[in-house]
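Please look through the structure below with this briefing beside you, taking one topic at a time.

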Amino acid sequence: MPPQPELSSARLRLREVRADDAPALFAIHSDRRVMRYWSYPAWTGLAQAERKVADIQRQRRELDMLVWAITEAHDDRLIGTSAVFAMHLEQGRAEIGYSLHPDWQGRGLASEALRLILRHLFDGRGLRRIEADIDPRNQPSCRLVERLGFVREGVLRERWHVNGEICDTALYGLLRRDFIDHA
């Protein structure tokens, strides 16, 4: 498996997740606003974040999975993450997920981070299709991927059961030729 590259823009640096990122990762995944539309509930203890960091590092070694820590260009502190998983290089496809701490939302940083990653996947890894699984009630996330060129291809009804609630999934797909690679 090729090494995971560090990606950067004027405002962001995307790097591998490290053990010392656990407290910042916990701050994101324990926030009920962030986790409202995820497929698992908000974390309740730092040990969950520490286990997740260990899982990310193991999966990076054992599987073709990429997880970037999103940081500001001038500050190494994790403010979000983006994962690329279920990569099928022979089929030219993968799935993507992302999260950003609420203090950094609404500034276009998630779009910027995803553009960096999508460029890498399409140009650096030769993929032709990226998919995203989004709760259709999460309108900001739906708008984010649509601005990048993703198309809502269908809805999987009652796909998840989280926090005592049954939730649908909106499946989005992005083909290389449809990628909107500008702000």
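The points that follow are grouped by topic. Please keep in mind that this is a predicted model.

- In general, strands of a sheet pair through backbone hydrogen bonds, and the pairing can be parallel or antiparallel.
- Strands β3 and β4 run antiparallel and are joined by six bridges; they form a hairpin with five residues between them, and L66 stands opposite V84 in β4.
- Strands β4 and β5 also pair in the antiparallel sense, over seven bridges, with H88 standing opposite R93 in β5.
- The hairpin of β4 and β5 has four residues between the strands, and in this hairpin G92 takes a positive phi near 70°.
- Strand β6 (residues 129-134) is joined to strand β8 (residues 165-175) by six bridges, and these two strands run antiparallel; the bridge partner of R129 is L175 in β8.
- Eight of the eleven residues of β4 are buried, so this strand is largely enclosed by the rest of the structure.

**Helix α3**

- Helix α3 covers residues 46-62, which makes 17 residues, and its first and last C-alpha atoms are 24 Å apart, close to the 24 Å expected at 1.5 Å a residue.
- The buried residues in α3 are A49, V53, I56, Q59 and R60, and because they fall within an arc of 130° when seen down the axis of α3, they line one face of the helix.
- As background, an α-helix has 3.6 residues a turn, so residues three or four places apart point the same way.
- On the other side of α3, R51, R61 and E62 are exposed, while the cover over the buried residues of α3 includes β2 (12-16), α1 (22-29) and β3 (66-72).

**Helix α1**

- In α1, the residues A22, A24, L25, I28 and H29 are buried, and they cover an arc of only 160° around the axis, which puts them on the same side of α1.
- These buried residues of α1 pack against α2 (32-35), α3, β4 and β5.

- Leaving aside neighbours within four places in sequence, I96 is in contact with several residues, among them V84, L118, I130 and F150.
- As a general background point, nonpolar side chains in soluble globular proteins tend to be buried together.

- E158 lies in strand β7, and because its relative accessible area is 60%, which is over the 50% cut-off, E158 is exposed.
- Not counting residues up to four places away in sequence, E158 touches I166, C167 and D168.
- E158 and G97 are 61 residues apart along the chain, and their C-alpha atoms are separated by 19 Å.

Definitions and conventions
Residues are numbered from 1 along each chain as its sequence is written. This is a predicted model: local features need pLDDT of at least 70, side-chain atom pairs count only at pLDDT 80 or more; totals for chains, interfaces and linings use all residues. Side-chain values use heavy atoms; hydrogens and water are left out. The expected span of a helix is 1.5 Å times one less than its number of residues. Buried means under 20% relative accessible area, exposed over 50%, partly exposed in between (1.4 Å probe, protein chains only). The arc is that of the directions from the helix axis to the C-beta atoms. Contact means heavy atoms within 4.5 Å. Two strands pair if DSSP finds at least two bridges between them.
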